Amino acid sequence: MGSGVQDQHAALTHGEVLPRASSTQSEGLKQTRSVLNSLFSGALAGAVAKTAVAPLDRTKIIFQVSSARFSAKEAYKLIYRTYLKDGFFSLWRGNSATMVRVIPYAAIQFCAHEQYKSLLGDYYGFQDNVLPPLPRLLAGSMAGLTAAMLTYPLDMVRARMAVTPKEMYSNIMHVFVRISREEGLKTLYRGFTPTMLGVVPYAGLSFFTYETLKKLHAERSGRPQPYSYERLAFGACAGLIGQSASYPLDVVRRRMQTAGVTGHTYGTILGTMRDIVSEEGVVRGLYKGLSMNWVKGPIAVGISFTTFDLTQILLRKLHEMGYTSR
């Protein structure tokens, strides 16, 4: 053992470099860094996007869970009345609950999407390349399902806070406690099934559209990376398509989530749809607030995808410059 130490010391005095960590360790560190970068970028993307559209999102939920007829004029009146009655920041009521949900949701969704892309790329032999259409759609759908399953109770709480007066629930924990005591823990998962069914087309089509538009852009323009405004446009298209495809299920889940405070009793997805259609009609019921979503959704998704991509690029550059640990 002593001779080994002496040999090592002698090698260092002659300017030789000792062997670096094994390639397996290096790959492990690279993978860990990639996951952490994706989690951070996704969390930031979700927080920025949802905060930007929070007043519109709250207004949309209020119309979704009521039988009042929706129009742009009525939506504006609701926002203005809320501002006059409760002040400017009341338009962001429930946003703290949204952040508690959105930050882990977006972090998990974007990180899972990167991991599913890598796994499917290895399986289909498309490493470091854009996946073919079907695996591209599958990666987005599985990422959405993974995130939604892990964060669902927080979505339920956010919906309750958005549609109730501030006197009813003082904070996020108060919502959890009151629902658990008065309605049972099972209520925290009311609307779970329509959420899972809705997130498959929503997340799948959103990621699919965004990745496809970036691929077509690179092929047509010859530039590997689009400009920021182009990313925003691609994300807006992705949000428009994804949310339009899954919107009726979004209305159903909101009705089921807020049934305890709106005086309705919704048991099943089909039963909820049937009640909505019989009372309000197909378009005015199942697609209520969709026009607002066509404004809110593309903005939010565009900001989200753009923030994620630019943060990932920034973190890679910082690593290359030595500002992050190797």
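Predicted model: local features only at pLDDT ≥ 70, side-chain atom pairs only at ≥ 80, totals over all residues.

Modeller: Residues are numbered from 1 along each chain as its sequence is written, and side-chain values use heavy atoms, with hydrogens and water left out.

Biologist: How many cavities of 30 Å³ or more are found, and what makes a space a cavity and not a pocket?

Modeller: A search of the whole structure finds two cavities of that size, 30 Å³ or more. On a 1 Å grid over the protein atoms alone, a cavity is a set of points where a 1.4 Å probe fits but cannot get out, while a pocket is an open set with protein on both sides within 12 Å along at least five of seven lines; lining residues have an atom within 4 Å of a point.

Biologist: How much space lies in the largest cavity, and which residues that line it are closest to its centre?

Modeller: The largest cavity holds about 670 Å³ of space, a volume being the space filled by probe spheres set on the grid points, which are joined across faces, edges and corners. It is lined by 37 residues, and Lys50, Arg101, Tyr105, Tyr202 and Gln243 are the closest to its centre. Among the elements that give two or more residues to this lining are helix 2 (23-52) and helix 5 (95-124), but the largest share, eight residues, comes from helix 8. The lining has 17 nonpolar, 10 polar and 10 charged residues, where Ala, Val, Leu, Ile, Met, Phe, Trp, Tyr, Cys and Pro count as nonpolar, Asp, Glu, Lys and Arg as charged, and the others, Gly among them, as polar.

Biologist: What lines the second largest cavity, and which helix gives the most to that lining?

Modeller: The second largest cavity, with about 80 Å³ of space, is lined by 13 residues, of which Ala54, Arg58, Arg93, Thr98 and Arg158 lie nearest its centre. Helix 3 gives the most to this lining, with four residues, and by class the lining divides into five nonpolar, three polar and five charged residues.

Biologist: Which residues that line the second largest pocket are closest to its centre?

Modeller: The second largest pocket contains about 380 Å³ of space, and of its 18 lining residues the closest to its centre are Arg58, Lys85, Asp86, Thr164 and Pro165. Helix 4 supplies the largest share of the lining, five residues, and the lining comprises six nonpolar, five polar and seven charged residues.

Biologist: Why are helix 9 and helix 13 called oblique to each other?

Modeller: The axes of helix 9 (residues 228-257) and helix 13 (residues 290-320) come within 6 Å and cross at roughly 135°. Angles under 35 degrees count as roughly parallel, over 145 as roughly antiparallel, 65 to 115 as roughly perpendicular and the rest as oblique, and helix 9 and helix 13 are therefore oblique to each other.

Biologist: How do you know that helix 8 and helix 13 are also to be called oblique?

Modeller: The axes of helix 8 and helix 13 come within 12 Å and cross at roughly 60°, and these two helices are therefore oblique to each other.

Biologist: What makes the pair of Tyr152 and Phe192 edge-to-face?

Modeller: The structure holds 10 aromatic pairs, for which rings of Phe, Tyr and Trp (its six-membered ring) must have centres within 6.5 Å, with planes under 30 degrees apart counted as stacked, over 60 as edge-to-face and the rest as tilted. The ring centres of Tyr152 and Phe192 are 5.4 Å apart and their planes lie at 90°, so the pair is edge-to-face. This pair links distant parts of the chain, with Tyr152 in helix 6 and Phe192 in helix 8 (residues 192-221), 40 residues apart.

How values were computed
Axes fitted to C-alpha atoms, helices over the stretch in contact; angles between N-to-C directions.
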